[in-house]
Amino acid sequence: MVAAARITEVERTLDQLLDWCCRGALASSHGRTGVFRFVVDTPVGTRTRYVIATDQGCSTAHTIAHPPNATLSLSQEDLTRLALGDLRGALAFATGRLQIEGDIFLAMNWIDQLGRSPL
């Protein structure tokens, strides 16, 4: 039961974190629309989430029907640090803490907004 509760907590935390990131990125999305697949290493294993950013809004999903514009792979800790503004996307990418496949330019422009999320 303890393991199941831990998994549920990690899943909930990851969903909340990406929802929070969406709110911040939406405020300055201007042209940064796309579908981003996040592959996140968590304490209970790798989890995948999708962020769909449009001019009308930003949302998260566990699955999507079409391929993403970019896949971003990182740890949950680094995702949290990016969202808090304690880690810049360019530094995370340059040091290998953030891996990007697909449209790197679009992903870097979008992820750069994470540290500007509203509190």
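**Entry 1: the model.** I am working from a predicted model, so I keep in mind that side-chain atom pairs count only at pLDDT 80 or more.

**Entry 2: the strand pair.** I began with S2 (residues 45-54) and S3 (residues 57-61), which run antiparallel and are joined by 5 bridges.

**Entry 3: the disulfide.** How many disulfides does the structure hold? I found 1. Its partners are Cys22 and Cys58, with the sulfur atoms 2.5 Å apart. I looked up the turn about the S-S bond as well: it is -50 degrees, a left-handed link. Cys22 sits in helix H1 (residues 2-26) and Cys58 in strand S3, so this pair ties together parts that are 36 residues apart in sequence.

Are the two ends buried or exposed? Cys22 is buried, at 3% relative accessibility, while Cys58 is partly exposed at 22%. Buried means under 20% here, so the value for Cys58 puts that residue in the partly exposed class.

I also checked Cys21, which is in no disulfide. The nearest cysteine sulfur belongs to Cys22 and is 7.4 Å away. Cys21 is buried, with 0% relative accessibility.

Entry 4: The structure holds 5 salt bridges, and I followed some of them. Glu9 is partly exposed at 32%, and Arg12 is partly exposed at 38%.

**Entry 5: salt bridges from helix to strand.** Next I looked at Glu11, which pairs with Arg47 at 2.4 Å between the closest N and O atoms. Glu11 is in helix H1 and Arg47 in strand S2, so the bridge ties together parts that are 36 residues apart in sequence. Arg47 is buried, at 15%.

Which residue forms a salt bridge with Asp15? I found Arg49, with the closest N and O atoms 2.5 Å apart. Asp15 belongs to H1 and Arg49 to S2, so here the tied parts are 34 residues apart in sequence. Asp15 is partly exposed at 23%, whereas Arg49 is buried at 3%.

To finish the entry, I noted that Glu11, Asp15, Arg47 and Arg49 are linked in a network of salt bridges.

Notes:
Residues are numbered from 1 along each chain as its sequence is written. This is a predicted model: local features need pLDDT of at least 70, side-chain atom pairs count only at pLDDT 80 or more; totals for chains, interfaces and linings use all residues. Side-chain values use heavy atoms; hydrogens and water are left out. Two strands pair if DSSP finds at least two bridges between them. Helices (H or I, at least four residues) and strands (E, at least two) are DSSP runs, numbered from the N terminus. A disulfide is a pair of cysteine sulfur atoms within 2.5 Å. Buried means under 20% relative accessible area, exposed over 50%, partly exposed in between (1.4 Å probe, protein chains only). A salt bridge is a side-chain nitrogen of Lys or Arg within 4 Å of a carboxyl oxygen of Asp or Glu.
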